Amino acid sequence: MMDKITIKNLHIYAYHGVHDSEKETGQNFYVSAVLYTDLYVPGHSDKLDDTVSYSDAAKLIYRVFSENKYDLIERSAYTVAEAVLNEYPQVEGIELSVSKPEAPIGLEIEDVSVSVELRRHTAYIALGSNIGDRREYLDKAVGMIEESPEISVTGRSSYIETKPYGGVKQDDFLNGVIKVRTYLSPFILLDRLQFIENRLGRERKIHWGPRTIDLDILLYDDMILDSEKLTIPHADMINREFVLKPMCEIAPNLVHPVYKKSMRQLFDAASLAAVNSNAEPPAVGIQ
Ligand code: ROI
């Protein structure tokens with residue numbers, strides 16, 4: 001259950017529409033928003049600074065909605081919803097609807113509207129590098145993630161030096177993980193991470209080969225997703241000490257949604273398996 005602040009039918013004269021006449025003449029729009037945010041503290045302190053001022057929020061919505069001319073009310077709705085989340089980190093989610101009662105469709109209608117919803121999610125991202133200045137690549141990647149308005153970095157492990165895993169002979173890696181809050185969907189988050197990898201000179205030559213930077217989504221809330229482009233939780237994370245060790249540093253008790261084991265339990269199991277696979281064969285006979 002979540003507290004909320006509701007703004008209903010904010011009247012805005014604006015110029016969104018596919019038809020030229022709509023962009024020229026404009027028409028009446030009504031924007032409604034539900035901002036999900038915890039009101040316990042302002043509900044006791046009685047201080048405006050502890051909450052989202054509904055007048056500031058309404059003014060922001062008014063400004064963002066009226067400063068552009070979009071073809072689609074869908075676009076106007078997402079633009080406003082994202083602007084509110086970017087402005088107010090304490091808003092956990094938003095429902096936003098745009099209504100256009102005078103839409104020129106040549107038929108009598110009472111109203112037409114779109115409603116969109118965004119909410120923040122928690123994701124964990126693995127970072128790895130084994131070419132060039134590895135620390136700098138990791139730092140730059142975290143910096144670029146932090147600069148994305150849709151993503152905030154809320155936890156960060158230290159970096160650890162690791163032997164290459166997976167059979168390809170290559171230089172040692174520097175690895176770490178970060179925790180983020182984002183309202184991006186997993187697929188859009190993946191696109192964003194791939195864009196950052198490309199900007200940092202990632203080339204995809206050898207499968208499981210050396211890389212300047214590798215950014216993998218490990219977990220996204222409790223989501224279980226198996227698609228061609230993306231598997232969440234990351235399919236091999238339970239076997240990778242270079243992922244589980246930094247995860248233990250920032251979220252040791254977080255439970256894997258498929259295996260139902262904590263990061264600590266998974267790390268202990270993975271390191272035991274690694275020790276066993278490297279062990280000398282048992283000596284036979286009595287010396
Ligand atoms: N091995 C280590 N130690 N660290 C990595 O980040 C890493 N990434 C990979 C492969 C090549 C599987 N091995 C790795 O993609």
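## Helices H3 and H4

Helix H3 spans residues 54–66, and helix H4 spans residues 73–87. Their axes come within 9 Å. The crossing angle is roughly 140 degrees. That angle makes H3 oblique to H4, since angles over 145 degrees would count as roughly antiparallel. The crossing is right-handed. This is a predicted model.

Which residues of H3 meet H4? They are Leu 60, Ile 61, Val 64 and Phe 65. On the H4 side, the partners are Ser 76, Thr 79, Val 80, Ala 83, Val 84 and Glu 87. Sorted by class, the contact of H3 with H4 holds seven nonpolar residues, two polar residues and one charged residue.

## Helices H5 and H6

Two packed helices are described by the angle between their axes and the distance between the axes. For H5 (residues 134–147) and H6 (residues 186–199), the axes come within 10 Å. They cross at roughly 135 degrees. H5 and H6 are therefore oblique to each other. H5 passes H6 in a right-handed crossing.

H5 supplies Ala 141, Met 144 and Ile 145 to the contact. H6 supplies Leu 193, Ile 196 and Arg 199. How do the residues of this contact of H5 with H6 divide by class, and how many are charged? Five are nonpolar, none is polar and one is charged.

## Around the ligand

The model also holds a ligand. The residues around the ligand include Thr 162, Lys 163, Pro 164 and Tyr 165. Gln 170, Phe 173 and Asn 175 are also among them.

An N or O atom in the side chain of Thr 162 is 2.7 Å from a nitrogen atom of the ligand. Lys 163 uses its backbone: an N or O atom there lies 2.7 Å from a nitrogen atom of the ligand. With Arg 211, the ligand atom is an oxygen. That oxygen is 3.1 Å from an N or O atom in the Arg 211 side chain.

## Backbone details

Where is the place of Pro 233? Pro 233 sits in the loop between strand E11 (231–232) and helix H7 (241–250). A cis peptide bond joins Ile 232 to Pro 233. Its omega is about -5 degrees.

Asn 9 belongs to strand E1, which covers residues 4–14. Asn 9 is not a glycine, yet its phi is positive, at about 50 degrees.

Methods
Residues are numbered from 1 along each chain as its sequence is written. This is a predicted model: local features need pLDDT of at least 70, side-chain atom pairs count only at pLDDT 80 or more; totals for chains, interfaces and linings use all residues. Side-chain values use heavy atoms; hydrogens and water are left out. Axes are lines fitted to C-alpha atoms, for helices over the stretch in contact, and angles run from 0 to 180 degrees between N-to-C directions. Helices (H or I, at least four residues) and strands (E, at least two) are DSSP runs, numbered from the N terminus. Angles under 35 degrees count as roughly parallel, over 145 as roughly antiparallel, 65 to 115 as roughly perpendicular and the rest as oblique. A crossing is left-handed if the near helix is turned anticlockwise from the far one by less than a right angle, and right-handed if clockwise. Contact means heavy atoms within 4.5 Å. Ala, Val, Leu, Ile, Met, Phe, Trp, Tyr, Cys and Pro count as nonpolar, Asp, Glu, Lys and Arg as charged, and the others, Gly among them, as polar. A residue is near a molecule or strand if one of its heavy atoms lies within 4 Å of it. A polar contact is a pair of N or O atoms within 3.5 Å; within protein, one must be able to donate a hydrogen and the other to accept it, and residues adjacent in sequence count only if both atoms are side-chain atoms.
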